[in-house]
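Dear colleague,

Here is the structure we spoke about, with my notes below it.

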Amino acid sequence: MNNIPPVDLTRQHEIISQEVESQVIEILRSGRYIGGKAVTDFEENFAGYIGTKYAIGCNSGTDSLYMALRALDVGEGDEVITTSFTFIATSEVIVRVGAKPVFVDLDANGFNLDLQQITAAITDRTKAIIVVHLFGQPVNMSDLIAIAQKHNLYVIEDCAQATGAQWQGKKVGSIGDVGCFSFFPTKNLGGCGDGGAVTTNNDAIASKVKLLREHGLVRETGAKVTYRHDLTGLNSRLDSIQATILDIKLRYLDTWNEQRRVAANNYQKLLENITDITLPQEVPGGVSVWNQYTIRVQDRNQDSIIIRDLLRSKLQQEGVISMVYYPLPLHLQPVYQDLGYRVGMLLMTEKASREVLSLPMFPGITCEEQQQVAYSLKDCFMNL
Ligand SMILES: *Cc1c(COP(=O)(O)O)cnc(C)c1O
(Lines give C-alpha, C1' and ligand atoms only; values in the text may rest on other atoms or scores of the structure.)
Protein backbone atom coordinates (compact mmCIF):
# COMPACT_ATOMS: atom_id res chain seq x y z
CA MET A 1 0.00 0.00 0.00
CA ASN A 2 1.28 3.46 -0.90
CA ASN A 3 1.59 6.22 1.64
CA ILE A 4 -1.03 8.94 1.43
CA PRO A 5 0.87 12.23 1.64
CA PRO A 6 -0.55 15.44 3.15
CA VAL A 7 -0.09 17.13 -0.25
CA ASP A 8 0.88 15.79 -3.67
CA LEU A 9 1.80 18.53 -6.11
CA THR A 10 2.80 16.19 -8.92
CA ARG A 11 -0.87 15.52 -9.67
CA GLN A 12 -1.45 19.21 -10.39
CA HIS A 13 1.63 19.40 -12.53
CA GLU A 14 0.63 16.40 -14.66
CA ILE A 15 -2.46 18.27 -15.86
CA ILE A 16 -0.61 21.42 -16.93
CA SER A 17 2.87 20.10 -17.64
CA GLN A 18 2.87 20.73 -21.38
CA GLU A 19 1.61 24.30 -21.07
CA VAL A 20 3.97 25.12 -18.22
CA GLU A 21 7.02 23.55 -19.77
CA SER A 22 6.56 25.27 -23.13
CA GLN A 23 5.96 28.68 -21.50
CA VAL A 24 8.99 28.31 -19.26
CA ILE A 25 11.16 27.40 -22.23
CA GLU A 26 9.89 30.48 -24.04
CA ILE A 27 10.96 32.67 -21.12
CA LEU A 28 14.33 30.95 -20.94
CA ARG A 29 14.87 31.67 -24.62
CA SER A 30 13.67 35.28 -24.31
CA GLY A 31 16.57 36.25 -22.05
CA ARG A 32 14.16 38.34 -19.93
CA TYR A 33 13.90 36.80 -16.46
CA ILE A 34 12.77 39.54 -14.08
CA GLY A 35 9.65 41.66 -14.60
CA GLY A 36 8.32 42.22 -18.10
CA LYS A 37 5.06 41.13 -19.68
CA ALA A 38 4.83 37.81 -17.83
CA VAL A 39 4.63 39.68 -14.53
CA THR A 40 2.31 42.50 -15.62
CA ASP A 41 -0.04 40.01 -17.33
CA PHE A 42 -0.26 37.90 -14.21
CA GLU A 43 -0.76 40.95 -11.98
CA GLU A 44 -3.61 42.14 -14.18
CA ASN A 45 -5.27 38.72 -14.25
CA PHE A 46 -4.84 38.20 -10.52
CA ALA A 47 -6.33 41.63 -9.71
CA GLY A 48 -9.26 40.71 -11.98
CA TYR A 49 -9.71 37.39 -10.21
CA ILE A 50 -9.63 38.87 -6.70
CA GLY A 51 -11.69 41.90 -7.73
CA THR A 52 -9.28 44.68 -6.78
CA LYS A 53 -7.88 47.61 -8.75
CA TYR A 54 -4.31 46.47 -8.08
CA ALA A 55 -2.35 43.27 -7.57
CA ILE A 56 1.38 43.73 -7.08
CA GLY A 57 3.55 40.65 -7.40
CA CYS A 58 6.40 40.11 -4.96
CA ASN A 59 8.81 37.55 -3.63
CA SER A 60 6.75 35.84 -0.92
CA GLY A 61 3.68 36.03 1.26
CA THR A 62 5.89 37.20 4.10
CA ASP A 63 7.13 40.15 2.04
CA SER A 64 3.59 40.99 0.98
CA LEU A 65 2.61 41.33 4.66
CA TYR A 66 5.74 43.32 5.47
CA MET A 67 5.13 45.73 2.60
CA ALA A 68 1.46 46.09 3.55
CA LEU A 69 2.45 47.28 7.02
CA ARG A 70 5.10 49.61 5.63
CA ALA A 71 2.65 51.03 3.08
CA LEU A 72 0.23 51.81 5.93
CA ASP A 73 3.03 53.48 7.89
CA VAL A 74 2.84 51.00 10.74
CA GLY A 75 6.08 51.17 12.71
CA GLU A 76 7.79 52.05 15.97
CA GLY A 77 5.34 52.67 18.81
CA ASP A 78 2.37 51.10 17.03
CA GLU A 79 0.44 48.00 18.06
CA VAL A 80 -1.07 45.50 15.66
CA ILE A 81 -3.76 43.09 16.82
CA THR A 82 -3.58 39.61 15.37
CA THR A 83 -4.04 35.91 16.03
CA SER A 84 -1.60 33.63 17.80
CA PHE A 85 -2.91 30.62 15.88
CA THR A 86 -1.20 31.05 12.51
CA PHE A 87 2.11 30.65 10.74
CA ILE A 88 4.77 32.88 12.28
CA ALA A 89 5.13 35.11 9.20
CA THR A 90 1.95 36.92 10.26
CA SER A 91 3.53 38.31 13.44
CA GLU A 92 7.16 38.30 12.26
CA VAL A 93 6.47 41.21 9.94
CA ILE A 94 4.89 43.24 12.76
CA VAL A 95 8.13 42.94 14.72
CA ARG A 96 10.21 43.65 11.63
CA VAL A 97 8.56 47.04 11.06
CA GLY A 98 9.24 47.89 14.71
CA ALA A 99 5.66 47.55 15.96
CA LYS A 100 4.28 45.29 18.69
CA PRO A 101 2.10 42.25 18.01
CA VAL A 102 -0.90 42.00 20.33
CA PHE A 103 -2.29 38.48 20.33
CA VAL A 104 -6.00 37.98 20.87
CA ASP A 105 -7.68 34.66 21.67
CA LEU A 106 -9.89 32.64 19.31
CA ASP A 107 -13.62 32.39 19.84
CA ALA A 108 -15.01 29.17 21.23
CA ASN A 109 -16.22 27.76 17.92
CA GLY A 110 -13.44 27.81 15.43
CA PHE A 111 -10.24 29.52 14.41
CA ASN A 112 -11.59 33.06 14.20
CA LEU A 113 -10.59 35.82 16.61
CA ASP A 114 -13.01 36.57 19.42
CA LEU A 115 -14.54 39.93 18.49
CA GLN A 116 -15.07 41.06 22.06
CA GLN A 117 -11.45 40.40 22.84
CA ILE A 118 -10.36 42.38 19.80
CA THR A 119 -12.32 45.34 21.11
CA ALA A 120 -10.84 44.87 24.58
CA ALA A 121 -7.30 44.83 23.17
CA ILE A 122 -7.60 48.15 21.34
CA THR A 123 -5.49 50.98 22.81
CA ASP A 124 -4.62 54.42 21.47
CA ARG A 125 -1.50 52.85 19.96
CA THR A 126 -3.40 50.25 17.95
CA LYS A 127 -3.04 50.98 14.27
CA ALA A 128 -4.12 47.85 12.43
CA ILE A 129 -5.60 44.38 12.67
CA ILE A 130 -4.14 41.50 10.66
CA VAL A 131 -6.74 38.78 10.19
CA VAL A 132 -5.82 35.35 8.85
CA HIS A 133 -8.20 33.35 6.68
CA LEU A 134 -6.81 30.19 8.22
CA PHE A 135 -6.93 26.82 6.43
CA GLY A 136 -8.85 28.45 3.56
CA GLN A 137 -11.83 29.48 5.69
CA PRO A 138 -12.82 33.16 5.43
CA VAL A 139 -13.04 35.28 8.57
CA ASN A 140 -16.36 37.01 9.27
CA MET A 141 -15.27 40.23 7.58
CA SER A 142 -18.52 42.14 8.16
CA ASP A 143 -18.12 42.09 11.95
CA LEU A 144 -14.43 42.80 11.68
CA ILE A 145 -14.73 45.78 9.36
CA ALA A 146 -17.39 47.22 11.67
CA ILE A 147 -14.98 47.12 14.63
CA ALA A 148 -12.11 48.51 12.55
CA GLN A 149 -14.20 51.40 11.25
CA LYS A 150 -15.48 52.27 14.68
CA HIS A 151 -11.93 52.52 16.03
CA ASN A 152 -10.31 53.88 12.87
CA LEU A 153 -7.99 50.90 12.33
CA TYR A 154 -6.56 49.46 9.14
CA VAL A 155 -7.45 45.90 8.19
CA ILE A 156 -4.86 43.68 6.55
CA GLU A 157 -6.06 40.31 5.29
CA ASP A 158 -3.53 37.48 5.41
CA CYS A 159 -4.91 35.44 2.51
CA ALA A 160 -1.89 33.11 2.23
CA GLN A 161 -4.05 30.02 2.75
CA ALA A 162 -7.21 31.28 1.13
CA THR A 163 -6.79 32.33 -2.51
CA GLY A 164 -10.30 32.22 -3.96
CA ALA A 165 -12.19 32.08 -0.65
CA GLN A 166 -15.20 34.38 -0.34
CA TRP A 167 -17.03 36.29 2.32
CA GLN A 168 -20.58 37.27 1.31
CA GLY A 169 -19.81 37.04 -2.38
CA LYS A 170 -16.52 38.98 -2.25
CA LYS A 171 -13.13 37.36 -2.60
CA VAL A 172 -10.88 37.62 0.43
CA GLY A 173 -8.13 40.13 -0.22
CA SER A 174 -10.64 42.61 -1.65
CA ILE A 175 -12.46 43.47 1.58
CA GLY A 176 -9.89 44.99 3.98
CA ASP A 177 -7.49 47.82 3.15
CA VAL A 178 -4.85 45.40 1.86
CA GLY A 179 -4.80 41.71 0.92
CA CYS A 180 -1.63 39.62 1.22
CA PHE A 181 -1.13 36.42 -0.74
CA SER A 182 1.49 33.67 -0.79
CA PHE A 183 2.25 31.52 -3.82
CA PHE A 184 4.34 29.02 -1.86
CA PRO A 185 3.90 25.70 -3.71
CA THR A 186 1.40 24.15 -1.25
CA LYS A 187 -0.98 27.12 -1.15
CA ASN A 188 -4.17 27.02 -3.21
CA LEU A 189 -2.45 29.00 -5.96
CA GLY A 190 1.15 27.86 -5.67
CA GLY A 191 4.10 28.47 -7.95
CA CYS A 192 7.16 26.31 -8.51
CA GLY A 193 9.12 28.31 -5.94
CA ASP A 194 8.42 31.35 -3.77
CA GLY A 195 6.11 34.19 -4.67
CA GLY A 196 3.45 36.51 -3.29
CA ALA A 197 1.17 39.44 -4.06
CA VAL A 198 -0.40 42.47 -2.45
CA THR A 199 -3.92 43.43 -3.49
CA THR A 200 -5.66 46.74 -2.85
CA ASN A 201 -8.10 49.26 -4.27
CA ASN A 202 -6.14 52.16 -2.78
CA ASP A 203 -3.92 54.13 -5.21
CA ALA A 204 -1.53 55.43 -2.53
CA ILE A 205 -0.99 51.98 -0.98
CA ALA A 206 -0.38 50.46 -4.41
CA SER A 207 2.20 53.09 -5.38
CA LYS A 208 4.02 52.68 -2.11
CA VAL A 209 4.15 48.88 -2.38
CA LYS A 210 5.54 49.19 -5.91
CA LEU A 211 8.29 51.45 -4.59
CA LEU A 212 9.04 49.20 -1.62
CA ARG A 213 9.37 46.00 -3.60
CA GLU A 214 12.22 47.43 -5.63
CA HIS A 215 14.53 49.38 -3.31
CA GLY A 216 12.30 52.47 -3.23
CA LEU A 217 13.25 52.99 -6.84
CA VAL A 218 11.24 55.53 -8.78
CA ARG A 219 10.35 54.35 -12.26
CA GLU A 220 9.22 56.79 -14.86
CA THR A 221 6.72 55.88 -17.55
CA GLY A 222 8.21 53.38 -19.95
CA ALA A 223 9.76 51.65 -16.92
CA LYS A 224 12.97 53.64 -17.36
CA VAL A 225 15.31 53.17 -14.40
CA THR A 226 16.07 56.52 -12.79
CA TYR A 227 18.29 55.44 -9.89
CA ARG A 228 16.35 57.84 -7.72
CA HIS A 229 15.29 56.17 -4.47
CA ASP A 230 12.48 57.63 -2.39
CA LEU A 231 12.22 54.99 0.34
CA THR A 232 14.24 52.29 2.06
CA GLY A 233 12.74 49.29 0.38
CA LEU A 234 13.72 45.71 -0.32
CA ASN A 235 14.29 43.39 -3.23
CA SER A 236 11.02 41.55 -3.51
CA ARG A 237 10.29 41.10 -7.18
CA LEU A 238 8.34 38.24 -8.69
CA ASP A 239 10.34 36.27 -11.28
CA SER A 240 9.03 36.05 -14.84
CA ILE A 241 9.12 32.24 -14.72
CA GLN A 242 7.05 32.13 -11.54
CA ALA A 243 4.63 34.72 -12.93
CA THR A 244 4.05 32.75 -16.11
CA ILE A 245 3.47 29.52 -14.17
CA LEU A 246 1.08 31.29 -11.78
CA ASP A 247 -0.81 32.80 -14.71
CA ILE A 248 -1.39 29.32 -16.13
CA LYS A 249 -2.39 27.89 -12.76
CA LEU A 250 -4.76 30.80 -12.07
CA ARG A 251 -6.94 29.49 -14.89
CA TYR A 252 -7.26 26.17 -13.06
CA LEU A 253 -7.67 27.59 -9.57
CA ASP A 254 -11.47 27.45 -9.39
CA THR A 255 -11.49 23.86 -10.65
CA TRP A 256 -8.87 22.84 -8.12
CA ASN A 257 -10.65 24.64 -5.29
CA GLU A 258 -13.84 22.85 -6.32
CA GLN A 259 -11.99 19.52 -6.13
CA ARG A 260 -10.94 20.41 -2.59
CA ARG A 261 -14.59 21.18 -1.76
CA VAL A 262 -15.71 17.81 -3.10
CA ALA A 263 -12.96 16.12 -1.08
CA ALA A 264 -14.03 18.02 2.07
CA ASN A 265 -17.65 16.90 1.56
CA ASN A 266 -16.39 13.37 1.10
CA TYR A 267 -14.48 13.45 4.39
CA GLN A 268 -17.58 14.87 6.04
CA LYS A 269 -19.58 11.79 5.03
CA LEU A 270 -16.79 9.32 5.72
CA LEU A 271 -15.98 10.65 9.19
CA GLU A 272 -19.33 11.85 10.56
CA ASN A 273 -19.89 8.88 12.82
CA ILE A 274 -16.58 9.05 14.65
CA THR A 275 -17.70 10.53 17.94
CA ASP A 276 -14.32 11.54 19.33
CA ILE A 277 -13.53 14.13 16.69
CA THR A 278 -15.01 17.42 15.54
CA LEU A 279 -15.13 18.02 11.82
CA PRO A 280 -14.49 21.43 10.25
CA GLN A 281 -17.61 23.35 9.24
CA GLU A 282 -17.92 26.10 6.68
CA VAL A 283 -19.04 29.32 8.37
CA PRO A 284 -22.41 30.68 7.15
CA GLY A 285 -21.76 33.58 4.77
CA GLY A 286 -18.39 32.25 3.72
CA VAL A 287 -17.00 30.00 1.01
CA SER A 288 -13.92 28.06 2.13
CA VAL A 289 -11.22 26.91 -0.28
CA TRP A 290 -10.12 24.07 2.02
CA ASN A 291 -6.38 24.63 2.05
CA GLN A 292 -6.46 22.23 4.98
CA TYR A 293 -9.02 19.74 6.24
CA THR A 294 -8.41 20.08 9.96
CA ILE A 295 -10.25 17.91 12.44
CA ARG A 296 -10.17 18.40 16.20
CA VAL A 297 -9.56 15.56 18.61
CA GLN A 298 -11.77 16.50 21.54
CA ASP A 299 -9.96 17.82 24.53
CA ARG A 300 -11.07 15.90 27.59
CA ASN A 301 -9.07 16.76 30.73
CA GLN A 302 -6.49 18.43 28.50
CA ASP A 303 -5.30 14.98 27.44
CA SER A 304 -6.14 15.37 23.78
CA ILE A 305 -2.58 16.31 22.94
CA ILE A 306 -1.59 12.82 23.98
CA ILE A 307 -4.45 11.20 22.09
CA ARG A 308 -3.89 13.43 19.07
CA ASP A 309 -0.19 12.68 18.88
CA LEU A 310 -0.79 8.97 19.40
CA LEU A 311 -3.38 9.03 16.67
CA ARG A 312 -0.97 10.80 14.38
CA SER A 313 1.79 8.23 14.85
CA LYS A 314 -0.65 5.34 14.44
CA LEU A 315 -1.96 6.89 11.23
CA GLN A 316 1.59 7.17 10.02
CA GLN A 317 2.14 3.47 10.65
CA GLU A 318 -0.84 2.81 8.40
CA GLY A 319 0.63 5.05 5.70
CA VAL A 320 -1.55 8.10 6.30
CA ILE A 321 0.55 11.22 6.83
CA SER A 322 -1.26 13.88 8.85
CA MET A 323 0.08 17.25 10.01
CA VAL A 324 -0.28 19.49 13.05
CA TYR A 325 -0.75 23.16 12.17
CA TYR A 326 0.22 24.60 14.67
CA PRO A 327 1.64 22.72 17.66
CA LEU A 328 2.91 25.79 19.54
CA PRO A 329 0.89 29.02 19.33
CA LEU A 330 2.84 32.17 18.59
CA HIS A 331 2.32 33.81 21.99
CA LEU A 332 4.25 30.90 23.57
CA GLN A 333 7.12 30.88 21.06
CA PRO A 334 10.60 31.37 22.53
CA VAL A 335 11.19 34.31 20.19
CA TYR A 336 8.29 36.24 21.81
CA GLN A 337 9.23 35.58 25.45
CA ASP A 338 9.81 39.28 25.99
CA LEU A 339 6.21 40.10 25.10
CA GLY A 340 5.16 38.63 28.45
CA TYR A 341 2.63 35.98 27.45
CA ARG A 342 2.38 32.78 29.49
CA VAL A 343 0.56 29.46 29.27
CA GLY A 344 -3.09 29.95 30.16
CA MET A 345 -3.42 33.45 28.75
CA LEU A 346 -5.06 32.50 25.45
CA LEU A 347 -7.06 29.45 26.42
CA MET A 348 -8.95 28.77 23.19
CA THR A 349 -5.78 29.15 21.12
CA GLU A 350 -3.89 26.74 23.36
CA LYS A 351 -6.79 24.29 23.22
CA ALA A 352 -6.80 24.47 19.43
CA SER A 353 -3.09 23.70 19.28
CA ARG A 354 -3.64 20.57 21.40
CA GLU A 355 -6.58 19.34 19.33
CA VAL A 356 -5.87 19.99 15.65
CA LEU A 357 -4.93 17.39 13.09
CA SER A 358 -4.85 18.13 9.37
CA LEU A 359 -5.69 15.20 7.09
CA PRO A 360 -4.38 14.71 3.54
CA MET A 361 -6.06 17.33 1.33
CA PHE A 362 -5.13 18.38 -2.19
CA PRO A 363 -6.74 18.58 -5.62
CA GLY A 364 -6.58 15.14 -7.16
CA ILE A 365 -6.84 13.14 -3.94
CA THR A 366 -8.85 10.04 -4.83
CA CYS A 367 -11.96 8.62 -3.15
CA GLU A 368 -10.01 5.45 -2.43
CA GLU A 369 -7.34 7.43 -0.64
CA GLN A 370 -9.94 9.27 1.41
CA GLN A 371 -11.63 5.97 2.27
CA GLN A 372 -8.27 4.68 3.40
CA VAL A 373 -7.76 7.75 5.61
CA ALA A 374 -11.21 7.25 7.16
CA TYR A 375 -10.67 3.53 7.62
CA SER A 376 -7.29 4.10 9.30
CA LEU A 377 -8.70 6.80 11.54
CA LYS A 378 -11.52 4.53 12.74
CA ASP A 379 -9.10 1.66 13.17
CA CYS A 380 -6.73 3.84 15.20
CA PHE A 381 -9.51 5.01 17.49
CA MET A 382 -10.61 1.44 18.15
CA ASN A 383 -7.09 0.43 19.11
CA LEU A 384 -6.11 3.53 21.04
C1 LIG B 1 2.41 30.60 4.07
C2 LIG B 1 1.94 31.66 4.96
C3 LIG B 1 2.56 32.92 5.04
C4 LIG B 1 3.89 33.22 4.40
O5 LIG B 1 3.96 33.03 3.04
P6 LIG B 1 5.40 32.76 2.36
O7 LIG B 1 5.10 32.86 0.91
O8 LIG B 1 5.84 31.41 2.77
O9 LIG B 1 6.33 33.83 2.82
C10 LIG B 1 1.97 33.91 5.80
N11 LIG B 1 0.85 33.67 6.50
C12 LIG B 1 0.23 32.47 6.49
C13 LIG B 1 -1.02 32.29 7.26
C14 LIG B 1 0.77 31.42 5.74
O15 LIG B 1 0.16 30.23 5.75
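The chain is divided into domain 1, residues 10-250, and domain 2, residues 253-382, with bounds that come from an automatic or database domain assignment. This is a predicted model, in which local features need pLDDT of at least 70 and side-chain atom pairs count only at pLDDT 80 or more, while totals for chains, interfaces and linings use all residues. Residues are numbered from 1 along each chain as its sequence is written, and side-chain values use heavy atoms, with hydrogens and water left out.

**Between the domains**

The centres of domain 1 and domain 2, taken over C-alpha atoms, are separated by 25 Å, and 44 residues of domain 1 are in contact (heavy atoms within 4.5 Å) with 41 residues of domain 2. The size of an interface is often given as the accessible area lost when the parts come together. Here the two domains bury about 3400 Å² between them, 59% of it on carbon and sulfur atoms, where buried area is the accessible area (1.4 Å probe) that two parts lose on being put together, summed over both. In domain 1, Arg-11, Phe-135 and Asn-188 lose the most area to domain 2, together 20% of what that side buries.

Arg-11 also has a charged partner, since its side chain meets that of Glu-369 in a salt bridge (2.8 Å, N to O), a term that stands for a side-chain nitrogen of Lys or Arg within 4 Å of a carboxyl oxygen of Asp or Glu. The count between domain 1 and domain 2 is one salt bridge.

On the side of domain 1 that touches domain 2, the elements giving two or more residues are α1 (10-30), α4 (89-96), β3 (100-104), β6 (166-167) and α8 (240-250); helices (H or I, at least four residues) and strands (E, at least two) are DSSP runs, numbered from the N terminus. The largest share, five residues, comes from β3.

The structure holds 15 salt bridges, and one of them joins the side chains of Asp-73 and Lys-208 (3.2 Å, N to O). Asp-73 lies in the loop between α3 (61-71) and β2 and Lys-208 in helix α7 (residues 203-212), so this pair ties together parts that are 135 residues apart in sequence.

**Backbone points to check**

Most residues other than glycine have a negative phi, and most peptide bonds are trans. Phe-135, named above for the area it loses to domain 2, has a positive phi of about 60° although it is not a glycine, and it lies in the loop between β4 (126-132) and α6 (141-150). The peptide bond from Tyr-325 to Tyr-326 is cis, with omega near 10°, and Tyr-326 is placed in the loop between α10 (304-317) and α11 (347-355).

With best wishes
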